[in-house]
Amino acid sequence: MTAADPAPYELMGGEAKVRELVTRFYDLMEADAGFAGIRALHQRDLSQAREKLYLFLSGWLGGPPLYAERYGRPMLRARHLPFAIGAPERDLWLECMNRAMVDVGLEAPIRHSLHQAFFKTADWMRNRDV
């Protein structure tokens, strides 16, 4: 991607699509028992998690840096250290996000690109070997 190329934020549809993606992601996490392993890592009320992921993804995808403006640097790894995250949790998170990307209609090229980026970030969050 060059400076002239549109950011993933724009390619996927901007604010509305990022919000839709986050909504679908957490809706799947709540509704699908297959995601219970990652659902259990969250508070009962997901409203704060939904908002923070939306704010973070906005900037991470090349849109407005909403998370940084409100909370400062994301420091993702440090913020996730209290939670036991291994390969199973990483993989469940990625599966949930991949389903959400399909469900909200992101086209295959952007899904593939985002999956690669999400994998690198999710793998970096691991704090246990299993």
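User: On what basis are the residues numbered and the values computed?
Analyst: Residues are numbered from 1 along each chain as its sequence is written, and side-chain values use heavy atoms, with hydrogens and water left out. In this predicted model, local features need pLDDT of at least 70 and side-chain atom pairs count only at pLDDT 80 or more, whereas totals for chains, interfaces and linings use all residues.

User: How many helices and strands does the secondary structure of the protein comprise?
Analyst: Helices (H or I, at least four residues) and strands (E, at least two) are DSSP runs, numbered from the N terminus. From that end, the elements run α-α-α-α-α-α-α-α. The count is therefore eight helices and zero strands.

User: What radius of gyration does the protein have, beside that of a compact globule with 130 residues?
Analyst: The radius of gyration is taken over C-alpha atoms, and the globule rule is 2.2 Å times the number of residues to the power 0.38. The C-alpha trace spans about 40 × 30 × 30 Å along its principal axes. For 130 residues a compact globule would have a radius near 14 Å, and the protein agrees, with 14 Å.

User: What part of the accessible surface of the protein belongs to carbon and sulfur atoms?
Analyst: Accessible areas come from the Shrake-Rupley method with a 1.4 Å probe; for residues, only the protein chains shown count as cover. The accessible surface comes to about 7,500 Å², and the part belonging to carbon and sulfur atoms is 54%.

User: Is serine 58 buried or exposed?
Analyst: Serine 58 is placed in helix α4 (residues 47-60). Buried means under 20% relative accessible area, exposed over 50%, and partly exposed in between (1.4 Å probe, protein chains only). Because the relative accessibility of serine 58 is 0%, this residue counts as buried.

User: Which backbone oxygen does the side chain of serine 58 reach?
Analyst: Contact means heavy atoms within 4.5 Å. Leaving aside neighbours within four places in sequence, serine 58 is in contact with Tyr9, Val18, Gly63, Pro64 and Leu66. At 2.8 Å, the side chain of serine 58 reaches the backbone oxygen of proline 64.

User: What C-alpha separation is found between arginine 19 and tyrosine 54?
Analyst: Arginine 19 belongs to helix α2 and is partly exposed, with a relative accessible area of 33%. Beyond neighbours within four places in sequence, arginine 19 is in contact with Glu51 and Tyr54. Arginine 19 and tyrosine 54 are 35 residues apart along the chain, and their C-alpha atoms are separated by 6.0 Å.

User: How far apart in space are threonine 23 and arginine 50, C-alpha to C-alpha?
Analyst: Threonine 23 lies in helix α2 (residues 14-31), where it is partly exposed at a relative accessible area of 35%. Threonine 23 and arginine 50 are 27 residues apart in sequence, and in space their C-alpha distance is 6.9 Å.

User: What phi does methionine 75 have?
Analyst: Methionine 75 sits in the loop between α5 (66-71) and α6 (76-80), and is partly exposed with a relative accessible area of 48%. Methionine 75 is not a glycine, yet its phi is positive, at about 45°. Most residues other than glycine have a negative phi.
The value for methionine 75 is about 45°.

User: Which residue has a C-alpha atom 5.4 Å from that of methionine 125, at 48 residues along the chain?
Analyst: Methionine 125 is in helix α8 (residues 108-125) and counts as buried at 6% relative accessibility. Not counting residues up to four places away in sequence, methionine 125 touches Leu76, Arg77, His80 and Ile85. The residue at a C-alpha separation of 5.4 Å is arginine 77.

User: Which side chain does a polar contact of 2.8 Å join to that of arginine 90?
Analyst: Arginine 90 is in helix α7 (residues 87-103) and, at 13% relative accessibility, counts as buried. A polar contact is a pair of N or O atoms within 3.5 Å; within protein, one must be able to donate a hydrogen and the other to accept it, and residues adjacent in sequence count only if both atoms are side-chain atoms. Apart from residues up to four places away in sequence, arginine 90 touches Ile85, Phe119, Ala122, Asp123 and Arg126. The polar contact of 2.8 Å joins its side chain to that of aspartate 91.
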